[in-house]
Amino acid sequence: MIDELPDEIDNDIDDIEPVGDEGQLYEHFRVVVDKGQAKMRVDKYLFERIVNASRNRIQKAAEGGYVMANGTPVKSNYKVKPLDVLTVMMDRPRYDNEIIPEDIPLNIVYEDQHLMVINKPPGLVVHPGHGNYTGTLVNALAWHLKDDPEYDANDPHVGLVHRIDKDTSGLLVIAKTPDAKTNLGLQFFNKTTKRQYRALVWGTVENNEGTITGNLARNPKDRMQMAVMSDPTIGKHAVTHYRVLERIGYVTLVECVLETGRTHQIRVHMKHIGHVLFNDERYGGHEILKGTHFSKYKQFVNNCFDTCPRQALHAMTLGFVHPATGEEMNFTSELPDDMTQLIEKWRGYISNREIE
């Protein structure tokens, strides 16, 4: 049983430094070990459960006295036992402030007493974190549901069920009740949800369709990136299926279907097969990776970057079973204007070249 936590726990662990006088400690992560769990080192156990945390950082936290078993600090080699209560403590609260309702417009695709489906625009941060404690989707939800006595924006048992990156647009489902969140969370965990994305990637994808499999973990050379691990014992299992929709000169429009949902999964998997997402600055897609050396072409691509100033990725479809009614729910979101214009620019460029 794992308490719901924000993705920012990984950033918190990265910032841990050993301390002398700890002062007051605050709980950032808590897990109760399953009854049937075999003995395992605590650093390995936590590494498999804290989203995106590196084992090295967990070991560093243990050295500083921040990892506890049943209220007592333990070292990395401590062997967890069934029903152990493991906690990661910090010398600061999880958040500087409670989530404050903010009147931020929401594009609500569907809503009932149990859940909401939101079409998130690019540029909107999903959850408060370091440097983004306001102006997020969660703040907007707090405002929209401020008159709902059943919804508490600061209660981790309601709210976001899954996430998409700040600069990715598209569909998200929000749970308004604890039962809905538990049910929907299990659907995501059991991979029974349906999620399709549209992405414009650099280069000509040769195969009409394919599957990319590769464990994802933090890139040891750049902690801001994820990477496919060559060692199968490192990282989290990830599978992405893709299908070519249109080859447009030096770029390709693809449909990606997630079998798993890892941080930056599509962005990293497509880069792994040599096709970085167009204008994905984090992974190098903001450079001109394919094409000619003519200044006219460079100007065209830079205009494309201006047209879609973020990675060209959109969460287009979302399907799940309604947690209360059992009904199959399927939603589709049209491509946002920036991606639509971007694709039209490329079509126009290639068409003009063919005429020439």
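Colleague: Is Asn 279 buried or exposed?

Modeller: Buried means under 20% relative accessible area, exposed means over 50%, and partly exposed lies in between (1.4 Å probe, protein chains only). Asn 279 has 10% relative accessibility, so this residue counts as buried. Keep in mind that this is a predicted model, where local features need pLDDT of at least 70, side-chain atom pairs count only at pLDDT 80 or more, and totals for chains, interfaces and linings use all residues. Residues are numbered from 1 along each chain as its sequence is written, and side-chain values use heavy atoms, with hydrogens and water left out.

Colleague: Where is Asn 279 placed, and what is its phi?

Modeller: Most residues other than glycine have a negative phi. Asn 279 is not a glycine, yet its phi is positive, at about 60°. Asn 279 sits in the loop between α6 (265–272) and α7. Helices (H or I, at least four residues) and strands (E, at least two) are DSSP runs, numbered from the N terminus.

Colleague: Which loop holds Lys 191?

Modeller: Look between α5 (178–189) and β11 (194–202). Lys 191 also has a positive phi of about 60° without being a glycine. Its relative accessible area is 43%, so Lys 191 is partly exposed.

Colleague: How do I read a helix such as α7, and how many residues does it have?

Modeller: An α-helix has 3.6 residues a turn, so residues three or four places apart point the same way. Helix α7 (residues 295–307) has 13 residues and reaches 18 Å from first C-alpha to last, close to the expected 18 Å. That expected span is 1.5 Å times one less than the number of residues.

Colleague: Which residues of α7 are buried?

Modeller: They are Tyr 297, Phe 300, Val 301, Cys 304, Phe 305 and Thr 307. Seen down the axis of α7, these buried residues fall within an arc of 160°, so they line one face of the helix. The arc is taken from the directions from the helix axis to the C-beta atoms. On the face turned away from the buried side you find the exposed residues Ser 295, Lys 296, Gln 299 and Asp 306.

Colleague: How many disulfides does the structure hold?

Modeller: A disulfide is a pair of cysteine sulfur atoms within 2.5 Å. The structure holds zero of them. Cys 304 is in no disulfide, and its nearest cysteine sulfur, that of Cys 308, is 9.3 Å away. Cys 304 has a relative accessible area of 0%, so this cysteine is buried.

Colleague: What does the side chain of His 322 join in a polar contact?

Modeller: A polar contact is a pair of N or O atoms within 3.5 Å; within protein, one must be able to donate a hydrogen and the other to accept it, and residues adjacent in sequence count only if both atoms are side-chain atoms. The side chain of His 322 makes such a contact of 2.6 Å with the side chain of Asp 112. A polar atom of the His 322 side chain also lies 3.2 Å from the backbone nitrogen of Thr 325. His 322 belongs to the loop between β17 (313–321) and β18 (328–332), and at 3% relative accessibility it counts as buried.

Colleague: Where is Asp 43?

Modeller: Asp 43 is in helix α2 (residues 42–47). Its side chain and that of Arg 55 are joined by a polar contact of 3.3 Å.
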